[in-house]
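User: I have some questions about the words used for this model. Please answer by setting each value against its definition.

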Amino acid sequence: MKQAATLALAGLAGFALGAGAIHGLHAQAHKTAPAYAIAEIEVTDPTAYQGYLKKAIDSLEPYHARIIVRSKPDAKEGPAPQGNVVITRFDSLADAEKWYGTPPYKELIAERQKAAKGRFYIVEGIPE
């Protein structure tokens with residue numbers, strides 16, 4: 001009888017551990033990767049750029065995005081960008097693409113391009 005109870009408890013423990021591991025793997029497989037909008041900006045019209053910047057920052061709010069870097073780079077290899085690097089974090093690539101391609105930010109692109117020159121790209125990060 002003791003042996004049967006021990007086997008039953010061991011079976012239940014194994015089942016619980018297995019179910020927990022499967023749940024963990026399932027949750028891990030469904031994590032979305034963050035995305036980053038990266039801009040290398042050389043401001044050519046500071047007054048116009050300040051007007052753009054306020055509106056651009058406000059446009060991030062519905063996407064729960066946040067600026068995580070805004071500074072001059074310390075180049076270690078190759079030429080440094082002329083100006084600042086700005087990195088904005090989004091929860092997903094879909095959020096970053098939607099923010100960039102829809103109002104209000106879509107209308108701000110021309111405003112940014114008149115006030116600054118540089119490069120702008122979006123990259124997908126590694127799931128956290």
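User: Why is the crossing of helix 2 and helix 4 called left-handed?

Analyst: A crossing gets that name if the near helix is turned anticlockwise from the far one by less than a right angle, and is right-handed if clockwise. Helix 2 passes helix 4 in the left-handed way. The model is a predicted one, in which local features need pLDDT of at least 70, side-chain atom pairs count only at pLDDT 80 or more, and totals for chains, interfaces and linings use all residues. Residues are numbered from 1 along each chain as its sequence is written, and side-chain values use heavy atoms, with hydrogens and water left out.

User: What makes something a helix or a strand, and how many of each are in the protein?

Analyst: Both are DSSP runs numbered from the N terminus: a helix is H or I over at least four residues, a strand is E over at least two. The protein has four helices and four strands, and from the N terminus on they follow the order α-β-α-β-β-α-α-β.

User: How do you know whether helix 2 and helix 4 are parallel or antiparallel?

Analyst: Their axes cross at roughly 155° and come within 9 Å. Axes are lines fitted to C-alpha atoms, for helices over the stretch in contact, and the angle runs from 0 to 180 degrees between N-to-C directions. Angles under 35 degrees are roughly parallel, over 145 roughly antiparallel, 65 to 115 roughly perpendicular, and the rest oblique. Helix 2 is therefore roughly antiparallel to helix 4.

User: Which residues of helix 2 and helix 4 meet?

Analyst: Contact means heavy atoms within 4.5 Å. From helix 2 the residues are A48, Y49, G51, Y52, K55, A56 and S59, and from helix 4 they are Y105, L108, E111, R112 and A115. By class, this contact has seven nonpolar, two polar and three charged residues. Ala, Val, Leu, Ile, Met, Phe, Trp, Tyr, Cys and Pro count as nonpolar, Asp, Glu, Lys and Arg as charged, and the others, Gly among them, as polar.

User: At what angle do helix 3 and helix 4 pack?

Analyst: The angle is about 65°, and the axes are 6 Å apart. W99, Y100 and G101 of helix 3 make the contact with Y105, K106, I109 and R112 of helix 4. The classes here are four nonpolar, one polar and two charged residues.

User: Why is Y49 called buried?

Analyst: Buried means under 20% relative accessible area, exposed over 50%, and partly exposed in between (1.4 Å probe, protein chains only). Y49 has 10%, so it is buried. Y49 belongs to helix 2 and, neighbours within four places in sequence aside, is in contact with I41, V43, A115 and A116. Across the whole protein, 26% of the 128 residues count as buried.

User: What makes a group of residues a nonpolar core?

Analyst: A nonpolar core is a set of buried Ala, Val, Leu, Ile, Met, Phe, Trp, Tyr and Cys residues joined through side-chain atoms within 4.5 Å. The largest one here has 20 residues, of which Y49, Y52, F90, W99 and Y105 touch the most other members. Strand 1 (35-43), helix 2 (46-60), strand 3 (84-90), helix 3 (93-101) and helix 4 (105-115) each give two or more residues to this core. Helix 2 supplies its largest share, five residues. With neighbours within four places in sequence left aside, W99 is in contact with A37, S59, L60, Y63, F90, Y105 and F120.

User: What about S92 and H64, buried or exposed?

Analyst: S92 has 13% relative accessibility and therefore counts as buried, while H64, with 63%, is exposed. S92 is in the loop between strand 3 and helix 3, and H64 in the one between helix 2 and strand 2 (66-71).
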